[in-house]
Amino acid sequence: VSDQAFVTLATNDIYCQGALVLGQSLRNQRATRRLVVLITPQVSNLLRKVLKVFDEVIEVNLIDSADYIHLAFLKRPELGVTLTKLHCWTLTHYSKCVFLDADTLVLSNIDELFDRTEFSAAPDPGWPDCFNSGVFVFQPSLETHGLLLQHATDHGSFDGADQGLLNSFFSSWSTADIHKHLPFIYNLSSNTAYTYSPAFKRFGSSVKVVHFLGPTKPWNYKYNPQTGSVLEEGSGLANQHQTSFLNLWWKIYQHSILPLYE
Ligand code: UDP
Ligand code: MN
């Protein structure tokens, strides 16, 4: 299906590592849609070459964009990365897309997400009446893009990032249509899900997308290729599940991404 795509975003070389593992995980699970990564000018030439594993690498440049984007950006400089994420709505050569944060990892095929419509997302574990904006189904449209930018300029974002903005823009999400609530297994936060461990025991094996949300990303850990395990060093690795998701991330990085640099 060439008019639908999985889309991610990486504004620097560090987040590119996440995007690469995500892209590889989608390929490993035989994704049948195009793989697209949005980058910004800060991304190095080396990484641009490596990113060729995506079907499309699209550079977006806020400052060179249309005047209204420039204005929104100047008025609210803290929304820089947020406004960059909104660029995914400009991918109008696709009829429907699934956005995935660069800090997500796909554990099984998720093509069925394309049966959903805009705007579909999973609840945020911290405040389930809000959706988490790490995984969502959307329909590219310049009109929607313009309205989102206008909303950002007029109202800002209550959390200073894309999640607050998107939740106030798609404000009927929590009540209007249950089909737009993606099951939690499509956006399982690796660090919080186990506060309800019986549920994890019951449903954890069906998890399809893990989201390493929060300040510590998989690439911040040290990994021992001999043991195939991240080094814990008294870090806050609360439990075995979190460790095993991190080990999965690193396994892909070690086996499939590092060789691309050679
Ligand atoms: N992102 C990026 N560069 C940054 C920060 C964020 O490219 O400096 C992108 C990346 O795709 C990332 C997403 O924006 O996954 C959302 O940020 P993050 O995942 O760090 O937020 P969290 O999910 O932890 O709230
Ligand atoms: Mn994230």
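The legends below describe several close-up views of a predicted model.

**View 1. The manganese ion (ligand 2) and the side chains that coordinate it.** In this predicted model, the manganese ion (ligand 2) is held by Asp101 (OD), Asp103 (OD), Asp103 (OD) and His211 (NE2), at 2.2 to 2.4 Å. Along the chain, the donors of the manganese ion (ligand 2) follow the spacing D-x1-D-x107-H. Because Asp101 lies in the loop between strand E4 (96–100) and E5 while His211 belongs to strand E9, this pair ties together parts that are 110 residues apart in sequence. Asp101 is buried, with a relative accessible area of 15%, and His211 is also buried, with a relative accessible area of 2%. The six donor atoms around the manganese ion (ligand 2) subtend angles of 57 to 171 degrees, and the arrangement is therefore irregular. For reference, the ideal angles at a metal with six octahedral donors are 90 or 180 degrees.

**View 2. The salt bridge between Lys85 and Asp162.** The side chains of Lys85 and Asp162 meet with a distance of 2.7 Å from N to O. Distant parts of the chain are linked by this pair, since Lys85 sits in helix H4 (residues 80–86) and Asp162 in helix H6 (residues 162–169), 77 residues apart. Lys85 is buried at a relative accessible area of 5%, and Asp162 is likewise buried, at 12%. Through salt bridges that share partners, Lys85, Asp101 and Asp162 are joined into one network, and Asp101 is also one of the residues that coordinate the manganese ion (ligand 2).

**View 3. The salt bridge between Glu59 and Arg48.** This contact is one of the six salt bridges that the structure holds, and its closest N and O atoms are 2.6 Å apart. Glu59 lies in strand E3 (residues 56–59) and Arg48 in helix H2 (residues 45–50), so the pair ties together parts that are 11 residues apart in sequence. Glu59 counts as partly exposed, with 41% relative accessibility, and Arg48 also counts as partly exposed, with 23% relative accessibility.

**View 4. The salt bridge between Lys208 and Glu112, and the cis peptide bond between Glu118 and Phe119.** The closest N and O atoms of Lys208 and Glu112 are 2.7 Å apart. Most peptide bonds are trans.

**View 5. The packing of helices H5 and H6.** Helix H5 (residues 142–155) packs with H6 at an angle of about 110 degrees, and their axes are 10 Å apart. That angle makes H5 roughly perpendicular to H6, because the class covers values from 65 to 115 degrees. The crossing of the two helices, H5 and H6, is right-handed. Helix H6 is also the place of Ser168, which is partly exposed with a relative accessible area of 30%. Between the C-alpha atoms of Ser168 and Ser244, which are 76 residues apart along the chain, the separation is 35 Å.

**View 6. Ser189 in strand E8.** Strand E8 (residues 188–189) contains Ser189, which counts as buried at 0% relative accessibility. Ser189 and Leu213 are 24 residues apart in sequence, and 6.1 Å apart in space from C-alpha to C-alpha.

**View 7. The backbone at Arg30.** Arg30 has a positive phi of about 55 degrees, although it is not a glycine. Most residues other than glycine have a negative phi. The place of Arg30 is in the loop between helix H1 (13–28) and strand E2 (34–39), and Arg30 is exposed there, with a relative accessible area of 66%.

Definitions and conventions:
Residues numbered from 1 in each chain as written. Chains lettered and ligands numbered in written order. Predicted model: local features only at pLDDT ≥ 70, side-chain atom pairs only at ≥ 80, totals over all residues. Heavy atoms only, no water. Salt bridge = Lys/Arg side-chain N within 4 Å of Asp/Glu carboxyl O. Helix = DSSP H or I, 4+ residues; strand = E, 2+ residues; numbered from the N terminus. Buried < 20%, exposed > 50% of the residue type's maximum accessible area, 1.4 Å probe, protein only. Donors = N, O, S within 2.8 Å, 3.2 Å for Na, K, Ca; no water. Tetrahedral: all angles 85-135°; square planar, octahedral: opposite > 155°, others 65-115°. Axes fitted to C-alpha atoms, helices over the stretch in contact; angles between N-to-C directions. Parallel < 35°, antiparallel > 145°, perpendicular 65-115°, else oblique. Left-handed = near helix turned anticlockwise from the far one by under 90°.
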